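Take a look at the structure below. The paragraphs after it walk through its parts step by step.

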Amino acid sequence: MEKRELTCIVCPNGCQLVVEVEGKEIVSITGYECKRGLKYAEDEILAPKRTLTTTVKAEGGHLPLVSVRTKEPIPKELLNKAVLELSMITVKPPIKVGDVIVKNILNTGVDVIATRALYAE
Amino acid sequence: MMEYDIVIIGAGPAGLGAAVEAYEKGVKDILIIERDSYPGGILQQCIHNGFGLIEFKEELTGPEYAERFIEKVNEYGIKIMLNTMVLNISSEKIVKAVNQEKGVMEIKAKAIILAMGCRERPRGAISIPGTRPAGIFTAGTAQRYVNMEGYMPGKEIVILGSGDIGLIMARRFTLEGAIVKAVVELMPYSSGLTRNIVQCLDDFGIPLLLSHTVIEIHGKDRVKGVTIAQVDANRKPILRTAKYISCDTLILSVGLIPENELSKSAGVLLDPVTGGPIVNESMETNIEGIFACGNVLQVHDLVDNVTKESRIAADSAVKYIKGLLKQEGKFINAKAGSGIRYVVPQIVNYDNIDDKVKFHMRPIDVFKNAYISVKSGGREIMRRKMQRMTPGEMILIEIKKDKFLDNDLHPVDDITFEVEVV
């Protein structure tokens, strides 16, 4: 049995988690203080995910960029690919917080949404 | 002269939070003054997630967190004067400000809430030897360039200091295609949150060099590289460990200082350790009717705590305007004892406590399995077990009103917070 130590990244508590793994199966998870930690440990071992936060280019707005994020965490290995895909896009104002910028990025089933407002200059 | 019940300086999370709270508590005549062209303060450039877990029970980015408050401010019709620079505040609560449209103006307030935030320590504050080329940025400035203005400061980057902004920028630069060669930290521990070391450095294989510092910056017109070295227990560089790293950019993430030039103009007394005003349980400074909250008061790790503090300042300002905030009473001094660097608030007026007082503090070092003990005249009035304490993470301790009483049920003169290792 393999023992893996993780730091939970969900909230600022940074709980120290210990996961026991047998082959590809999780035997036990300890050290979490809330359910989010349990879910994080499961995902981190089986299929690590991260919320991507980045920017996309904007034209004609009060700023040259709009900040965006994936609505849910996406597989960690897709982060760079997703950034690349988002670098090809240009958006135009008006944009509200929560507006969908890209639907279903890289077929993950997750939308990319705007995290700030942009008004026309 | 313009007149308002409450004037708030700064439209960042502290200022916006205070405005919303004061309005909801019944004072509607509020003016927020902001020097930037958009409200939100530094949250605008903090496009990473992790904000709002305490306040909204969901994970938001900085701009989203700010937008929740901006929407409320707009819905309530609270006035924000943007692109406006405050020049001076008097102890009579007259604010002198300037903008392009109105020129210089004077605004009289019944109460003022200071919410100007903080600024970054630059190269000059940490005295790094070497030439003075282009390519040296503070982490926050670089963050504004990359996340709001669309510029990349460089391609090969060394970051000095492992504060949260430095760690977050290490990830951000990497995602944008730059190579972050190392994060160099003077102390034997990181001053950032553990979760940020994991998801910003470990995820991308960026080395964190603890007990190291930059001892020379090379390059004439542009940074060409830096020399780093390990430091000894007294934080003096060990020259035989010196190592050259080529890079075109050096990012400094070496600490924040509350921005209190305006506070000083009003005669507000500052705490030499926090760099922020000395305040009481109501977040009131030594000048009656002038309150402070957020990073202008003490540098926070979490915006959620800034919002909480802004509510106390706003509640108190509303009480002050209504004549309900007692200026006389029994004052108790809160002191930092062994193992604790500072305590905020520094003064408690016992007669103003509703139910309890929340104290913020930071330890001077990393402690494991320790207690925070609160003492008064040798008597312990409270004790709390702490799994792990680090200077990078603020500690919050609440003390109930009755704990401030001695055996004869009189309020004590002072309380001291200490770390006790078991």
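Chain A is divided into two domains. Domain 1 covers residues 2-47, and domain 2 covers residues 53-114. How far apart do the C-alpha centres of these two domains of chain A lie? The distance between them is 29 Å. Keep in mind that this is a predicted model.

Now turn to chain B. Its secondary structure comprises eight helices and 27 strands. The chain has 422 residues, and its radius of gyration is 22 Å. The globule rule gives 22 Å for that length, so chain B is as compact as a globular protein of 422 residues. The C-alpha trace of chain B spans about 65 × 60 × 40 Å along them.

What share of chain B is buried? Buried residues account for 58% of the 422. The accessible surface of chain B amounts to about 17,300 Å². Carbon and sulfur atoms hold 50% of that surface. Take the contacts in chain B between residues at least 6 apart in sequence. Of these, 62% join residues at least 24 apart.

Next, pick out one sheet in chain B. Three strands form an open sheet in the order β14-β15-β16, and their pairing is antiparallel. Which strands are at the edges? They are β14, residues 212-218, and β16, residues 243-246, both of chain B. Each of them pairs on one side only. On average, neighbouring strands of this sheet are turned by 30 degrees against each other, direction ignored. In general, strands of a sheet pair through backbone hydrogen bonds, either parallel or antiparallel.

Look at one pairing in detail. Strand β15 of chain B runs over residues 225-230. It pairs with β16(B) in the antiparallel sense, over four bridges. One residue pair can be named here: B:G225 has B:S246, in β16(B), as its bridge partner.

Finish with a single residue. B:T61 sits in strand β4 of chain B, which covers residues 60-61. Is B:T61 buried or exposed? Its relative accessibility is 0%, so B:T61 counts as buried. The cut-off for buried is under 20%. What does B:T61 touch, leaving aside residues up to four places away in sequence? From chain A, B:T61 touches A:T53, A:R69 and A:T115. From chain B, the residues touching B:T61 are B:C46, B:I47, B:H48, B:N49 and B:F51.

Conventions: Residues numbered from 1 in each chain as written. Chains lettered and ligands numbered in written order. Predicted model: local features only at pLDDT ≥ 70, side-chain atom pairs only at ≥ 80, totals over all residues. Heavy atoms only, no water. Pairing = 2+ DSSP bridges. Helix = DSSP H or I, 4+ residues; strand = E, 2+ residues; numbered from the N terminus. Axes fitted to C-alpha atoms, helices over the stretch in contact; angles between N-to-C directions. Domains from an automatic or database assignment. Rg over C-alpha atoms; globule rule 2.2 N^0.38 Å. Buried < 20%, exposed > 50% of the residue type's maximum accessible area, 1.4 Å probe, protein only. Contact = heavy atoms within 4.5 Å. Areas by Shrake-Rupley, 256 points an atom, 1.4 Å probe, with all protein chains shown as cover.
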